[in-house]
Amino acid sequence: MFINSRVFAYYLVAIFIIASTQTGCCNGQPFKYETKEFEVPVDHFNFAVNSTFKLRYLYNDSYIDKQSGKTPLFFYTGNEGDIESLAQNTGFMWELAKLYRACIVFAEHRYYGKSLPFGNLTFNVTQNYGYLSVEQALEDYAWLIADLQTKFKYAPVIAFGGSYGGMLSAWFRMKYPHLVYGALAASAPIRQFNGMTACDIFAKITTSVFATTYKNRTCSDNIKKSWDLFKQMASTDDGKKKLSTELVLCDAIKNEADLDKFFDYLEDVYGSLAMVNYPYSNDFLSPLPGYPVRQFCSYLQNLQTGDSLFESMKKAINVYFNFTGTATCLNYNSAFDPATVGGDAWDIQTCNQMVMPMCNTADTMFRVKDWNFKKEADKCLGKFHIEPKLNDITIRYGGRSLRDTSNIIFSNGLLDPWSGGGVLQSDNANIYIIIIPEGAHHLDLRSSNPMDPASVVQARNQESQIIGKWIAEFHW
């Protein structure tokens, strides 16, 4: 798996056990929908392969004006998770649908949730991995939209997505402009690819979020010092025992490999805290308080060393893994609930075309790590027998060039580590850039909340006005 790709993959995924027609709730807002299926080819681009599978999607037409001659379709381009959890955490789309009398569809990404092309055998053999790509997923969505338009004449279609889903919504508009009239791509790092963005940008922005929480960079400086402290402790049997016992680790640290796993866990925790640094409590990856980075750093306001630093880090780490006090032990094998992970799907995607170079430099709070494509490619070959294509996405979707596209809103929160790979400026007047100084990872896509910062409220108002303009100007 590529460095930090774990954070990108699992930031949104949460477990919901919901019936076929159901009510969910996020921030007090109930969301109702029907669960439907649509049959799609396993391979859209091979006319000699005729096998198909059922793509799951969520459908709600309760807001539409059946007397009107125009019904917009708001279409969420599902990303790396169960589509039900994504629907629960995209409240702004529901608010807009009510305002503009739109039909809502959340389409599940193939290989995630219940949309498995080969059922329980989907991840069993290498040959099954070959149909997991951005292109196949977008083609699924295109055929689903075409079917819905044939039956119901929904138009215009506005695509929505956050993070990888935001990348998909932008690329969907670029590649299928005859089907998709506009797109809201929230926190979509479409420039986090080879040759476009510095590989250390994620680490630098994360460091900045922690450094500026309290004065004098004490939080990030303490985190930076903690790597050597933990390493020094793990160099003796007594130190390993203290780490394992006092941090309440599920598996004791016995060797250097265990320590590396623990360090990987911590890096994922820090990235996740920055991404979901929302003003109110949430439980995307773990139950967290409002502004969790502030809570984490409250224990690190003074520069510390030795036992004092260890005690403070112990309390800070506890904010992520056991804020509610209900966790029995810290499982450093993953910073994310393994039950939420869609098999090996995201690992496979980062091993075919979603190759996002990541590194940590000495001026960040992280361990220094170089970007080594050959090393990562060898891991992919060893695990999946897949060789990554480093520049595939750039060639297919234009890289930095946006001159030949239109009607895409790129929104980015400056507290979001992924904003460094986002679209922050453009000389194309038909591309809308919305910067949210107080926003974490696609906070604008979540339900409105009384605690939302002013810049988030302003961003949603802008987005609503632009989408309203698209709807008003659209003609068949």
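**Ground rules.** I number residues from 1 along each chain as its sequence is written, and my side-chain values use heavy atoms, with hydrogens and water left out. Because the model is predicted, local features need pLDDT of at least 70 and side-chain atom pairs count only at pLDDT 80 or more, while totals for chains, interfaces and linings use all residues.

**Entry 1, helix H11.** I took helices (H or I, at least four residues) and strands (E, at least two) as DSSP runs, numbered from the N terminus. H11 covers residues 306-321, and I checked its length first. The expected span is 1.5 Å times one less than the number of residues.

Next I looked up which residues of H11 are buried. I call a residue buried under 20% relative accessible area, exposed over 50% and partly exposed in between, using a 1.4 Å probe and protein chains only. The buried ones are Leu 309, Phe 310, Ser 312, Met 313, Ala 316, Ile 317, Val 319, Tyr 320 and Phe 321. Their cover includes H7 (218-233), H8 (237-246), H9 (256-275) and H10 (292-297).

I then listed the contact, meaning heavy atoms within 4.5 Å. H6 brings Phe 202, Thr 206, Val 209 and Phe 210, and H9 brings Tyr 270, Gly 271, Leu 273, Ala 274 and Met 275.

A reminder to myself: most residues other than glycine have a negative phi, and most peptide bonds are trans. I found a cis peptide bond between Ala 155 and Pro 156, with omega about -5°. Pro 156 sits in the loop between H4 (134-152) and strand S6 (157-162).

Arg 217, in the loop between H6 and H7, has a positive phi near 60°. Is Arg 217 buried or partly exposed? At 39% relative accessibility, Arg 217 counts as partly exposed.

His 385 also has a positive phi, about 60°, although it is not a glycine. I placed His 385 in the loop between H13 (373-384) and H14 (392-397). With a relative accessible area of 57%, His 385 is exposed.
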